[in-house]
Amino acid sequence: MTLPTLRFGIEPSVSEHYLPALTKPIIEQDLLSSVHTVEMGANQLVKQVLAGQLDLAISGNLDQTLDERLAVTPLRPFKFRILANVAHPLAKAEHPTFAEALKSPFVLLNATYLNKLVFRQLAEQLSIEPQVLFESDSSTLIKGLVKENLALGFISDITTPNDGEDDGLVEIPFDDVQVPSVHINLIRRAHQFPIGLVKQVIDIIEKTFAADNAEQKS
């Protein structure tokens, strides 16, 4: 008898932060051989869920971009910050702004990530053409370039420095532009009723994010 297989997609920046925590209960519930996981960018994830090529996906999305044919469960909001070396002048400013930050070059996560889309929208609000020094699909490389004080970074709290290896970096909030509403969402086709394996994995995902949200607030 062939066991059912769930096709599960996850955005790389979300995967980097959450996949270990998601995998643990999947293994504990003996579901690992039944869950096929792939990484891809947000837009591609949505397309593949709509096409039936994926059963579930965890993706960061601008709220207004989601298709009505999808059932969407918000898991947590994105928060965006500028990442700077502590020696950068912006890190020492009393009231740093995004407009002031745009006077410096930036390094960005590439087009498969929402960071770049949001960054461009904020620059457009200010009618400023940003200086983009480099784009990468590696948040580690982005942090490394910022740590060398070669540029500023634009990051979400999913890729926030969180250990001693990131000493010398500082997150800088800003409030002179309107940041679009962005969430990490669990998405599936709207007509797909969650039963069996799909329901089990949805429960794991929701519990994992609920636990992380509670930890962030504590």
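Student: How do you know that the reach of helix α6 (residues 196-217) is close to the expected one?

Tutor: Set the two values side by side. The expected span is 1.5 Å times one less than the number of residues. Helix α6 has 22 residues, and 32 Å is expected. From its first C-alpha to its last, helix α6 reaches 32 Å. The helix itself is a DSSP run (H or I, at least four residues; strands are E, at least two), numbered from the N terminus.

Student: What kind of model is this, and how are residues numbered?

Tutor: It is a predicted model, where local features need pLDDT of at least 70, side-chain atom pairs count only at pLDDT 80 or more, and totals for chains, interfaces and linings use all residues. Residues are numbered from 1 along each chain as its sequence is written, and side-chain values use heavy atoms, leaving out hydrogens and water.

Student: Which residues of α6 are called buried, and what makes them line one face?

Tutor: Buried means under 20% relative accessible area, exposed over 50%, and partly exposed in between (1.4 Å probe, protein chains only). The buried ones are Leu197, Val198, Val201, Ile202, Ile204, Ile205, Thr208, Phe209 and Asp212. Seen down the axis of α6, they fall within an arc of 160°, so they line one face of the helix. The arc is that of the directions from the helix axis to the C-beta atoms. On the other side of α6, Lys207 and Lys217 are exposed. The cover over the buried residues includes β1, α1, β2, β3, β4 and β10.

Student: What makes the link between serine 15 and glutamate 39 a polar contact?

Tutor: A polar contact is a pair of N or O atoms within 3.5 Å; within protein, one must be able to donate a hydrogen and the other to accept it, and residues adjacent in sequence count only if both atoms are side-chain atoms. The side chains of serine 15 and glutamate 39 are joined at 2.6 Å. Contact in general means heavy atoms within 4.5 Å. Beyond its neighbours within four places in sequence, serine 15 is in contact with Ile10, Pro20 and Glu39.

Student: Why is proline 105 put in its class, at 26% relative accessibility?

Tutor: That value makes proline 105 partly exposed. Proline 105 lies in the loop between α3 (98-101) and β6 (106-109). Neighbours within four places aside, its contacts are Gln131, Leu133, Leu150, Ala151 and Leu152.

Student: Why are β2 (35-39) and β4 (70-77) said to stand at the edges?

Tutor: Two strands pair if DSSP finds at least two bridges between them. The open sheet runs β2-β1-β3-β10-β4, with mixed pairing. β2 and β4 each have a single partner strand, so one side of each is left without a neighbour in the sheet. The twist averages 30° from one strand to the next.

Student: How do you know that β4 and strand β10 (residues 182-189) pair?

Tutor: They share seven bridges, in the antiparallel sense. Alanine 71 stands opposite arginine 188 in β10. Helix α4 (residues 114-125) packs on this sheet, touching β3 and β10, at about 15° to the direction of β3. Axes are lines fitted to C-alpha atoms, for helices over the stretch in contact, and angles run from 0 to 180 degrees between N-to-C directions.

Student: What makes strand β5 (residues 80-85) largely enclosed?

Tutor: Five of its six residues are buried, so β5 is largely enclosed by the rest of the structure. Four bridges join β5 to strand β8 (residues 152-156), running antiparallel. There, arginine 81 stands opposite isoleucine 155. Strand β9 (residues 169-172) also pairs with β5, antiparallel, over four bridges. Isoleucine 82 has isoleucine 172 as its bridge partner in β9.
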